[in-house]
Amino acid sequence: MDTETEHKKSKKKHKYISTGSEWTFDILEKYDHAIKEIAKEYRLDTYPNQIEIIAAEQMMDAYSSVGMPLGYSHWSFGKQFLNVEKHYKRGHMGLAYELVINSDPCIAYLMEENTATMQALVLAHACYGHNSFFKGNYLFRAWTNADSIIDYLVFAKNYIAKCEERYGIDKVEEVLDACHAIKNYGVDRYRRPPKLSVSEEAARQTSREEYLQSQVNDLWRTLPSRETKEQAQTTERFPSEPEENILYFFEKNAPLLEPWEREVIRIVRKISQYFYPQMQTKVMNEGWATFWHYTIINTLYERGLVNNAFMVEFLHNHTNVIYQAAFDDPNYSGINPYTLGFGIFQDIRRICENPTEEDRKWFPDLVNTDWISAVDFAMRNYKDESFIAQYLSPKVIRDLKLFAVLSDQDKPDLEITHIHNEESYQDIRDLLSQQYNLSMNEPNIQVYNVDKRGDRSITLRHIQRNNRPLEQKDLQEVMKHLYKLWGFTVKLETVNDQGTVLATYYCPTPEKQTTGVIISDS
Amino acid sequence: MSQIIDRRPNSRNKSAVNRRRFLNRFKKQVRKSVNDAISKRSIADFEHGEKINIPSKDINEPTFRHGDGGIRNIILPGNKNYSRGDRIKLPEKDAGEAGSQASDSGEGEDSFSFEISREEFLDIFFDDLALPNLVKKQLAQTTSFTMVRAGFTSDGVPTNLNVVRTFRNALARRISMRSPSESKLKKLERELENIKLTRSNDSTEVKELEEKINKLKSKIKKIPFIDPFDLRYNRRVSQPSLSSKAVVFFLMDVSGSMDEAKKDIAKRFFILLYLFLTRTYQTIDIVFIRHHTSAKEVNEQEFFYSRETGGTVVSSALELMNEAIVSRYPANEWNIYGAQASDGDNWNNDSPHCKEILMNYIMPKVQYFAYIEIMPRHHQSLWEEYEQIKTVFSNFAMQNINTAKDIYPVFRELFKKQHLIETT
C-alpha cells in the first residue's frame, strides 16, 4: 500500500504526459506540444504539421501507392497492395508506424494501433525529423515543391482517369506500363526542372498538346530535300548531346504518340522526379529522423515528462529500428539505412562533444564545435553519397564491422579487400559512398541518336562500367515497351569506356527488318 | 501549429480499384487457380476466399538492371573473422537458389501468391457457368450475418491470437519432444550412478556418460518454448441468419462411363445447387448417393473420387433416396431437393421402373428435382421416360449438358418458379 501511495505522489510531482499505453487525442496534442518545444530549442525548422490518424487498412492503402496520398489507378499498385495485405494478414509483417509525405503542410499518417509511447516516437520521428529534412535538405529544396505536389497528384489522377474514359483502360495501361519500365530514366539529374504549378499546368496543358504535336511534326518533316546530300555526309546526330532523360526525350520527340500519351509520359516523369531526392537521401533522411526521435525522447525523459515504463518501451522499439543483421544472417537484407544514418549523426555529435585523438585527425573542423550546427549543416548540404564520403568515421566503421568484398567474374572466388582497420578506413568510406551513388547502381543508358533521314530508328547507348552486363531477361521486355512508345525500331548498344560497341540489341528483332546492319552480339 | 485529424472514418478501400485492375489483368491465371480449387474443394465449402498463385515472371515489371558478372565492390556489415586478402569460394549457384526458395512461408520466389475474397472467388466461378448478373449478385451477396465462433485456425491476425490454446499446444509439444530425450537421460543418469560406485570419477566411462548426459541436456534445452507451429488463432465465421432447414440429395452415376470431365461438370452443377439453397435455408443436409448396379450412401470424398465399373441400374439410387426420405427426412419437416447427374446409361428394363419411383414416391415429396444428362450424343431410354415425368410435375427439370455453360438453364427453370427467390 505504501509504495502505491508513493507512486501516486511521484506521479503528481512529475507531470507525466501519459502513463498507460492508451492514447487519446488530448495526449497526442500534449506530446506534440512538448516535442515542438524541444524541437525549437534544437533549432529544427519544419513545415507546419498535418497529423492524420488512420487505421491499418488505410495504412495498407497508403503503402501500396508508394507513399503518395493519392495516385492514378494502375494494376501494379494492386499487386503491391495484395502483397502487403497477404503479409499483414498472416502476421508475417507489421505495418510501419507512420508514413510521411513531403508536402507543405507536411502530412504524417499515424496508425491508430500504436501505443501512446509509439505515437510520441512517431511524432518526433516523422513530424519533426523527416519534416525538417524535407524543408532543409538542398536536394528537396532544389527539386521538389512541397506546396504544390498534392495538387499535382490530383491533376495527374484526374487526367489519367479522363484518358481512360476516352481511350479505354487498356490503352492507357499500355502506355503506363511502358513508362513505368523506364521511369528511373525519367529524371533530370543535373538540370533543375521548372516549378510545378497546377493552375498553370492545367491551363497550359491543352496548348502544350497542340504545340508539342506541331514540334514533333516539324522534326519529321520530309519535304525540303535540296541540301540533303551534303548534309547526309556530315550527319549530325540528333540529339546533338546524348540525352539521359529518356522519358523526356520520348515525350518531346517520339514521332507517333498522341498528345494525351505525351501528357501521360510527362506525369510519370514528374512523379519520378519528385521521388528522386528521396531515393538519393535514404540513409540521411532516416538517420536524421531516427537521430532526432532518439534525442528528443531522451530530452522528454530528462525533463520528467515521461516515466520509466515509457522509456523501456521506447528503447525496445528504437533498438529494433536500428538493428543491423550481419551479412551472413538469414534475415540480412542489405545495410539498414536507419542504422547507418543514425550511427553517423550520433557520431557527429560525439565528435563535437567528446572527441578522441583519432577524431582530431579525421574531423579537425568538427572537434569542439556546436553539435547542433554541425548536424544541421550536414543535413542541409549533402546526399547519401557525399554524406558518407564526408562523415563516415572510423568509429562507425568499427561499430558496424564493415568490410569490402571484391567480386570479379574472371576470378573463381571472392576476395576480401578491406576490413575495419587503420589502413582501410578511407577505402571503405569511398566504396560505401559509391554504393549509394544512384548513377553507379543503375545501368547508364542514354539516348544516343535518331536516324531522322532513314528508318527513324532510335539508338540508345549503354555505357558499361566495370564490365557489368545488363540483365538479359528484363532487357527484351523493356525494349518492347520502348518500341511501343517510339513506334519505330529501337536499338540498344552496349559500349565500353573506349567507345567500342560490344553488343547491340534490337526491337523488333532484325530478322523482321528490311534494312539495317546486324552487329554480332559478343 | 500542428493540426491533428482523425481520418479513420474515411473510406478504407482506396486500393479496391487497383486490386480489381490487377485481378482483371491476370484473369487467366487467377481463373486457373480458382478452377483447380473448385475441383479440390468440398461442395459446402464456399465460405472463404482462395489463395492464388501466379508465376512471378508473368507479373514482373521489367526495368533496365545490371545482371550478374563484371567487377563489383560490395561493402557488408558484421565482419566476424575475415581479414584482408582472404578468399571465399563462390557459393554454388544452384545451392544458393534452392536455399533461398525454401522459405518458411512455403512459397518459392518464382511465384506471387495472394488471397482473393469469397466474393471474388464466386465471381470467377460463376463466370464459367455464364450466370446472368442478377443471379450472380443474389448468390454472392451476403445478407445479414452473425459472427459465430468456429474453433481455431493456425493462421490469423495477431489480435486474434488465442493465448490459452497456443500455450497448451506449446506445452504439449515441449512435453512430447522432451520425453524421449528425458527417459534416455534418466537411464543414463542411473547408469552413471552405478558406474560411479565402481569406477573413479575421471575414468573414461564416466566421462563418456557425462558427455552424453550433457548433450542430451542441451538438446532438451534447445526445444523452443514457443514455436510458430503452436500458434492458434480464434476463428470466427459469419453465418447467414436464415430460417428453415433443407436436405439435398445428390445422386450420381459412377459407372465406368462417367469419366473425370463428366464428374467435374456434375460437381459444378451440385455446387451451384448447393449455393442456391444456402441462400434460403439455414441448415442444409447433404446426402450423397452414388450408384452403378447398386446404390450406396457415401461421403463426399468417395462420391467424387472413387471409380467403379460395371453396369448401371438407376432405380437403385432412387430407391435409396426414397428410403432415406421416409426414415430420416419426413417431408413435412424438411424441404427436400434432389439432383441427379448421369450420362444417361441405364439398363433398359430399369428405366420405366425409375419413372414409377419418381412419379409415385419422390416427386410428391420434393420441392424440386433436377436431372442433368452429361452426354453430347443421342439420348437413351432414361431420358425418354423422364420426359414423361416433366409433363406431369412442374417441379421437375431436366437438361442435357455438354459444357459447364449449359448448367445454368436448369437453374433458370428454378428461378421461373420464383419460390427460391421469394423466400430470401
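**Figure 1. The charged end of A:Arg349 over the ring of A:Trp371.** In this predicted model, the charged end of A:Arg349 lies 3.9 Å from the centre of the A:Trp371 ring. A:Trp371 also belongs to a cluster linked by ring pairs. The other members of that cluster include A:Tyr42, A:Trp288, A:Phe291, A:Trp292 and A:Phe345. A:Phe377, A:Tyr382, A:Phe387 and A:Tyr391 belong to the cluster as well.

**Figure 2. A tilted pair of rings, B:Phe22 and B:Phe26.** Over all chains, the whole structure holds 47 aromatic pairs. In the pair shown here, the ring centres of B:Phe22 and B:Phe26 are 4.9 Å apart. Their planes meet at 50 degrees; planes under 30 degrees apart would count as stacked and those over 60 as edge-to-face, so this pair is tilted. Both B:Phe22 and B:Phe26 are buried.

Figure 3. The rings of B:Phe250 and B:Phe288 are 5.8 Å apart, centre to centre, with 45 degrees between the planes, and the pair is tilted. B:Phe250 and B:Phe288 are each buried.

**Figure 4. Charged side chains across the boundary of chain A and chain B.** A:Lys86 lies over the face of B:Phe112, 5.7 Å from the centre of the ring. A salt bridge joins B:Arg21 to A:Glu164, with 3.0 Å between the closest N and O atoms. Between chain A and chain B the salt bridges number 12.

**Figure 5. The contact between chain A and chain B.** On the side of chain A, 97 residues touch 62 residues of chain B. The two chains bury about 7,700 Å² between them, and carbon and sulfur atoms account for 55% of that area. Within chain A, the residues that lose the most area to chain B are A:Trp75, A:Leu82 and A:Arg468. Together these three make up 9% of what that side buries.

**Figure 6. Chain A as the setting for the views of its residues.** Chain A contains 22 helices and 9 strands. Of its 522 residues, 55% count as buried. Among contacts in chain A between residues at least 6 apart in sequence, 71% join residues at least 24 apart. The accessible surface of chain A is about 23,900 Å², with 50% belonging to carbon and sulfur atoms.

Key:
Residues are numbered from 1 along each chain as its sequence is written. Chains are lettered from A and ligands numbered from 1 in the order in which they are written. This is a predicted model: local features need pLDDT of at least 70, side-chain atom pairs count only at pLDDT 80 or more; totals for chains, interfaces and linings use all residues. Side-chain values use heavy atoms; hydrogens and water are left out. Helices (H or I, at least four residues) and strands (E, at least two) are DSSP runs, numbered from the N terminus. Buried means under 20% relative accessible area, exposed over 50%, partly exposed in between (1.4 Å probe, protein chains only). Contact means heavy atoms within 4.5 Å. Accessible areas come from the Shrake-Rupley method with a 1.4 Å probe; for residues, only the protein chains shown count as cover. Rings of Phe, Tyr and Trp (its six-membered ring) pair if their centres lie within 6.5 Å; planes under 30 degrees apart count as stacked, over 60 as edge-to-face and the rest as tilted. A charge sits over a ring if NZ of Lys or CZ of Arg is within 6 Å of the ring centre and within 35 degrees of the ring normal. Buried area is the accessible area (1.4 Å probe) that two parts lose on being put together, summed over both. A salt bridge is a side-chain nitrogen of Lys or Arg within 4 Å of a carboxyl oxygen of Asp or Glu.
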